[in-house]
Amino acid sequence: MSVQEALNYKETGYACWYGGTKHRLRTSSGEYINPRTSLTAAHKTLPMPCKVKVTCLKTGKSVIVRINNRGPFHSNRLIDLTSAAAHRINLNGRGIGKVRLEVVSVGDGNYEIFAR
C-alpha cells in the first residue's frame, strides 16, 4: 500500500490479540516488543511503521497503536493487537471483536506524515 493510500485508510473488521504472558517477541520489522506493555499491532498491508487509531465498536474505547508487524494470519481478521492494546479497549477478555481502524500517521520521527 502506498503512503498516500495509507493516509486515507479507514476500515471496519475484526481484531484479535496476541502475546499473552510472553515478555519478549520479535516482530517482522525486526523490533523486540513486550506484548504485555507495547501498544503495537500487526496488519497485512499498511506500511511499517504507521500509527492507527483502533476503536472497539462494542465498548467505544480507542487506542493508538504502532503497526510494526505483519499478520493477522486468519482470513477473517483485520488486525492483531498486542495484549496491552487489546486490554485498553476491553477486547482481551473476548479475544476477538469488531473494530474501526483509522490511520493517524505514516513513518517515524522526522519522516512522520500525519493524516488529515
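Q: Buried means under 20% relative accessible area, exposed means over 50%, and partly exposed is anything in between (1.4 Å probe, protein chains only). With that in hand, why does K51 count as partly exposed?
A: K51 has a relative accessibility of 28%. That value sits between the 20% and 50% cut-offs, so K51 gets the label partly exposed.

Q: What sort of model is this, and how are its residues numbered?
A: The model is predicted, so local features need pLDDT of at least 70 and side-chain atom pairs count only at pLDDT 80 or more, while totals for chains, interfaces and linings use all residues. Residues are numbered from 1 along each chain as its sequence is written, and side-chain values use heavy atoms, with hydrogens and water left out.

Q: What makes the pair K51 and E112 a salt bridge?
A: A salt bridge needs a side-chain nitrogen of Lys or Arg within 4 Å of a carboxyl oxygen of Asp or Glu. For K51 and E112 the N to O distance is 3.3 Å, so the pair passes the test. By the way, a strand here is a DSSP run of E with at least two residues, while a helix is a run of H or I with at least four, and both are numbered from the N terminus.

Q: How many salt bridges does the structure hold?
A: There are four.

Q: How do you know that R66 and E31 form a salt bridge?
A: Their closest N and O atoms are 2.7 Å apart, and that is within the 4 Å limit. R66 lies in strand 6 (residues 62–69), whereas E31 is in the loop between strand 2 (25–26) and strand 3 (32–33), so the pair links parts 35 residues apart in sequence.

Q: Which residues are linked with R66 in a network of salt bridges?
A: E31 and D108 are. R66 also forms a salt bridge with D108, where the closest N and O atoms are 2.6 Å apart. D108 lies in the loop between strand 8 and strand 9, so this pair ties together parts that are 42 residues apart in sequence.

Q: Are E31 and D108 buried, exposed or partly exposed?
A: E31 has a relative accessible area of 27% and D108 has 31%. Both values fall between 20% and 50%, so both residues are partly exposed.

Q: Why is N68 called buried?
A: N68 lies in strand 6 and its relative accessible area is 0%. That is under 20%, so N68 is buried. Leaving aside neighbours within four places in sequence, N68 is in contact (heavy atoms within 4.5 Å) with several residues, among them T27, I33 and M48.

Q: What makes L46, a loop residue, buried?
A: L46 sits in the loop between strand 4 (40–42) and strand 5. Its relative accessible area is 0%, so the label is buried, under 20%. Beyond its neighbours within four places in sequence, its contacts include Y9, V52 and V103.

Q: How do you know that strand 8 pairs with strand 9?
A: Two strands pair if DSSP finds at least two bridges between them. Strand 8 and strand 9 run antiparallel and are joined by two bridges, so they pair. V106 stands opposite I113 in strand 9.
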